[in-house]
Amino acid sequence: MTADTATTLFEAHRPALMGVAYRMLGRAADAEDVVQDAWLRWSGADRAEVRDPRGFLVRITTRLAVDRLRQIKARGETYVGPWLPEPYVTDFGGTVTDSAERAVLADSVSLAVLVVLETLSPLERAVFVLREAFGHPYADIAAMLDRGEAAVRQLGTRARRHVDERRLRYDVDPARRRDLTERFLDAAAGGDLAGLMELLAPDVRLVGDSGGKARAPLRVLEGADHVARFFAGVAAKGVPDVSVRMVELNGGPAVLVLSGGKPDAVVQIDADGDRIRTVYVVRNPDKLAALTALP
């Protein structure tokens with residue numbers, strides 16, 4: 001295998017490797033570092049001995065991501081306010097034709113799932129991602145993680161149960177979710193308190209992530225009245241030189257708020273089909289920097 005062929009092959013698998021690394025870490029920058037490390041391992045490997053390049057690359061990426069996640073957890077860093085994953089640009093419609101597969105991939109990268117995955121052990125998270133998002137057989141996952149198949153099955157069962165217990169799942173038609181997002185945007189931008197109350201579930205939650213580096217609630221707000229008044233207050237104060245656009249992030253529609261042409265916030269919702277159940281707001285500038293490059 002020539003160097004050019006090796007590079008072409010790696011680039012063909014890069015989206016899948018980024019998908020694994022991001023789901024493992026919830027941080028796009030860390031995921032990119034892991035994929036770059038995987039490239040270094042691939043470029044230095046005896047590729048003549050590699051019979052399954054994709055499997056080889058996924059195994060390397062998974063192990064590197066597990067190591068990175070362990071390092072992050074070992075540092076025990078404290079985060080100011082609620083934590084949310086770094087928004088991640090997705091476009092499954094253009095790369096995955098099967099609607100069922102697209103739905104699974106979108107769900108596995110959603111903010112709601114990634115928040116729950118953050119509470120798993122690194123190995124549980126790896127098994128969950130490889131099994132639930134990418135459909136790898138347990139035997140293959142066991143080989144990737146250098147663990148027995150029975151132990152890997154147990155990890156997978158425990159991780160699946162943990163996610164199911166902590167995450168409410170709503171099967172909402174993508175078009176309906178986009179419509180609710182657009183209606184919410186109109187009501188929030190106009191400070192329409194009555195319109196917001198009509199859209200929000202009584203027990204709606206607002207989760208804001210600022211990392212202490214921007215203005216956002218430092219605790220989860222609960223209840224339609226509190227959440228609606230928060231957004232009405234934001235509209236009353238205004239954002240300098242504001243503009244908004246709809247983008248696809250983490251497998252679903254999201255609102256990108258720009259101030260002076262630079263990313264200021266990302267707003268995304270979870271809904272049950274009729275009412276909004278959760279509103280996520282990411283304002284930590286470190287997590288928005290990559291969105292500057294959006295066309």
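## The cavity

S110, L111, A112, R177, N250, Q268, D270 and Y280 line the largest cavity of this structure. The model is a predicted one. By class, the cavity lining splits into three nonpolar, three polar and two charged residues. Two elements, α6 (111-117) and β5, each give at least two residues to this lining.

How many cavities of 30 Å³ or more does a search of the whole structure find? The search finds one. The volume of the largest cavity is about 40 Å³. Rolling a probe the size of a water molecule over the atoms shows where such empty space is left.

The largest pocket holds about 810 Å³ of space. Its lining has 25 residues, and F231, V234, A235, V239 and D264 are the closest to its centre. Several elements give two or more residues to the lining: α10 (174-189), α12 (224-237), β3 (242-249), β4 (252-259) and β5 (262-271). Which element supplies the largest share? Helix α12 does, with six residues.

## Packing of α8 and α9

Two packed helices are described by the angle between their axes and the distance between the axes. Helix α8 covers residues 138-145 and helix α9 covers residues 149-166. They pack at an angle of about 105°, and their axes lie 9 Å apart. Angles of 65 to 115 degrees count as roughly perpendicular, so α8 is roughly perpendicular to α9.

From α8, the contact uses Y138, A139, I141 and A142. From α9, E149, V152, R153 and G156 take part. Five of the contact residues are nonpolar, one is polar and two are charged.

## Aromatic pairs

A pair of aromatic rings is described by the distance of the centres and the angle of the planes. The structure has five aromatic pairs. One of them joins Y22 and Y88. Their ring centres are 4.1 Å apart, with 15° between the planes. Planes under 30 degrees apart count as stacked, so this pair is stacked.

Where do the two partners sit? Y22 is in helix α1 (residues 3-25), while Y88 is in the loop between α3 (53-75) and α4 (92-95). The pair therefore ties together parts that are 66 residues apart in sequence.

Conventions. Residues numbered from 1 in each chain as written. Predicted model: local features only at pLDDT ≥ 70, side-chain atom pairs only at ≥ 80, totals over all residues. Heavy atoms only, no water. 1 Å grid on protein atoms, 1.4 Å probe; cavity = no way out; pocket = protein on both sides within 12 Å on 5 of 7 lines; lining within 4 Å. Points joined across faces, edges and corners; volume = space filled by probe spheres on them. Helix = DSSP H or I, 4+ residues; strand = E, 2+ residues; numbered from the N terminus. Axes fitted to C-alpha atoms, helices over the stretch in contact; angles between N-to-C directions. Parallel < 35°, antiparallel > 145°, perpendicular 65-115°, else oblique. Contact = heavy atoms within 4.5 Å. Nonpolar A, V, L, I, M, F, W, Y, C, P; charged D, E, K, R; others polar. Phe/Tyr/Trp six-rings, centres within 6.5 Å; stacked < 30°, edge-to-face > 60°.
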